[in-house]
Amino acid sequence: PGGQRGPPHCRAVAPLAPDAGFGAIHLATNPQTRKVEQLKRDNQVSLTYVDGGEMSYVTVTGNLVMFESESEKKKRWRDEWLLFYPEGPMKGFMPLELSPSRIEVVSPARGIAGPEDTWLPPALVRNSHGLWTRA
């Protein structure tokens, strides 16, 4: 279902912790998945982290880059991925990197929420100098 003009596509992923300052978020996938073909058509993605205990979430939006060369696969390999890729970086593995451009946060337990009428979440956006500013 879906296509270039179809509904948005959602996929479960297991990202590593973001780099300091949310510079990048590292993920991986199997290069044979439909996710790869969809990302080749449109590399803008959103990644949502949910804390059900606190009824909180963070959504990170940005551009995703796929790395297909053997040298990049070796360079970007993390041992945390062995559970999903037991044969290591050279078989069925493609590293991905999300460069965040927007971060939205909702955490009522911490007093972070949008207006009651719109529920628009508080957000940060990356400016042209690479610094985070309030949206």
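Keep in mind that the model is predicted.

Strand 2 has the largest share, with five residues. What is the make-up of the lining by class? Twelve residues are nonpolar, eight are polar and four are charged.

Next, isoleucine 25. You'll find it in strand 1, residues 25–29. Is isoleucine 25 buried or exposed? It counts as buried, because its relative accessibility is 0%. Leaving aside residues up to four places away in sequence, isoleucine 25 touches Pro15, Leu16, Pro18, Leu47, Tyr49, Val60, Leu96, Glu97, Leu98 and Pro100. Look also at serine 99. It sits 74 residues from isoleucine 25 along the chain, yet their C-alpha atoms are separated by 6.7 Å.

Now lysine 73, in helix 2, residues 70–76. This lysine is buried, but it has no salt bridge. Which side chain of opposite charge is nearest to lysine 73? That is glutamate 70, 7.1 Å away. Beyond four places in sequence, the contacts of lysine 73 are Phe67, Glu68, Pro89, Met90, Phe93 and Pro95.

On to the charged pairs. Side chains of opposite charge can pair when their charged atoms come close. How many salt bridges does the structure hold? Seven.

One joins glutamate 54 and arginine 110, at 3.2 Å from N to O. This pair links distant parts of the chain, 56 residues apart. Glutamate 54 is in the loop between strand 2 and strand 3 (56–66), and arginine 110 is in the loop between strand 4 and strand 5 (123–126). Glutamate 54 is partly exposed, at 29%, while arginine 110 is exposed, at 61%.

Glutamate 87 pairs with lysine 91, with the closest N and O atoms 3.7 Å apart. Glutamate 87 is exposed at 57%, and lysine 91 is exposed at 52%.

Then glutamate 104 with arginine 102, at 3.0 Å between the closest N and O atoms. Glutamate 104 is buried, at 18%. Arginine 102 is partly exposed, at 26%.

Last, a network: salt bridges link Glu72, Lys75, Arg76 and Glu97.

Note on methods. Residues are numbered from 1 along each chain as its sequence is written. This is a predicted model: local features need pLDDT of at least 70, side-chain atom pairs count only at pLDDT 80 or more; totals for chains, interfaces and linings use all residues. Side-chain values use heavy atoms; hydrogens and water are left out. Helices (H or I, at least four residues) and strands (E, at least two) are DSSP runs, numbered from the N terminus. Buried means under 20% relative accessible area, exposed over 50%, partly exposed in between (1.4 Å probe, protein chains only). Contact means heavy atoms within 4.5 Å. Ala, Val, Leu, Ile, Met, Phe, Trp, Tyr, Cys and Pro count as nonpolar, Asp, Glu, Lys and Arg as charged, and the others, Gly among them, as polar. Lys and Arg count as positive and Asp and Glu as negative; His and the chain ends are not counted. A salt bridge is a side-chain nitrogen of Lys or Arg within 4 Å of a carboxyl oxygen of Asp or Glu.
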